[in-house]
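The report below describes a predicted model.

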Amino acid sequence: MTTEEKLDRFKEICIEDARAQLSKVVTDFKNGLESTFSEHCEDERRRQEMRVGIETEKIERETKKELSMDQLRIKRRVSKKHEELKAKLFDEVSDKIHAFRKTEEYKKLIAKEINDILSLAGEHPCDIFLDKEDGELIELYKDRVKVSNTEFLGGTVGIIPDKNIVIDNSFRTKLEAERNRFSFEDKGEM
């Protein structure tokens with residue numbers, strides 16, 4: 001083998017070795033880039049998932065807040081409507097009381113209440129009050145009753161001072177007690 005052949009062979013070997021090294025460097029670089037790219041993609045996917053999670057939580061909080069505000073508005077409207085209906089109902093009850101006061105049943109009720117108060121008082125003095133609008137009844141029982149300075153929608157109020165007893169059978173007191181107790185809430189009772 002001549003020197004030139006030897007040089008060509010050496011050149012080929014060097015070129016093959018350089019190509020092999022270049023190929024290895026390129027492969028290693030390519031693998032490194034792919035690994036870096038893969039890590040970057042994974043990091044970006046995690047960041048996107050975090051952003052989506054954060055935005056989802058934010059939207060859920062805002063939705064819950066809006067829902068809560070809507071529920072509060074609805075409760076307020078329902079409560080306002082309940083109050084309106086309650087006022088209307090008790091206005092109707094008050095009208096029915098006024099109509100009842102003109103009946104014979106009312107006169108019988110007043111007679112019974114007066115007799116009950118007198119019976120409870122026994123020998124003790126007592127004061128029995130009627131509403132000032134019960135003119136006919138006041139005339140009928142003028143020796144046993146007094147006219148109240150306060151309007152109480154009918155009924156009687158009896159006071160037995162010696163026994164420290166007040167018997168309040170006034171319709172106003174009963175109506176107010178019912179108004180305070182009344183609720184539209186369903187108690188499940190029938």
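## Helix α1 and its buried residues

In this predicted model, the buried residues of helix α1 are Lys-86, Phe-90, Ser-94 and Ile-97, and these residues pack against α4, which covers residues 171-181. An α-helix has 3.6 residues a turn, so residues three or four places apart point the same way.

## Lys-86

Lys-86, which lies in helix α1, is buried and yet has no salt bridge, the nearest side chain of opposite charge being that of Glu-83 at 4.7 Å. A salt bridge would require a side-chain nitrogen of Lys or Arg within 4 Å of a carboxyl oxygen of Asp or Glu. When neighbours within four places in sequence are left aside, Lys-86 is in contact with Arg-179, Phe-182 and Phe-184.

## Strand β3 and its partners

Strand β3, formed by residues 156-160, is mostly covered, with four of its five residues buried. Four bridges join β3 to strand β1 (residues 127-130) in an antiparallel arrangement, and within this pairing Asp-127 has Ile-159 of β3 as its bridge partner.

Strand β3 is also joined by four bridges to strand β4 (residues 165-168), again running antiparallel, with Val-157 standing opposite Asp-168 of β4. The strands β3 and β4 form a hairpin with four residues between them, and in the turn Asn-164 has a positive phi of about 55 degrees.

Conventions: Residues are numbered from 1 along each chain as its sequence is written. This is a predicted model: local features need pLDDT of at least 70, side-chain atom pairs count only at pLDDT 80 or more; totals for chains, interfaces and linings use all residues. Side-chain values use heavy atoms; hydrogens and water are left out. Buried means under 20% relative accessible area, exposed over 50%, partly exposed in between (1.4 Å probe, protein chains only). Helices (H or I, at least four residues) and strands (E, at least two) are DSSP runs, numbered from the N terminus. Contact means heavy atoms within 4.5 Å. Two strands pair if DSSP finds at least two bridges between them. Lys and Arg count as positive and Asp and Glu as negative; His and the chain ends are not counted.
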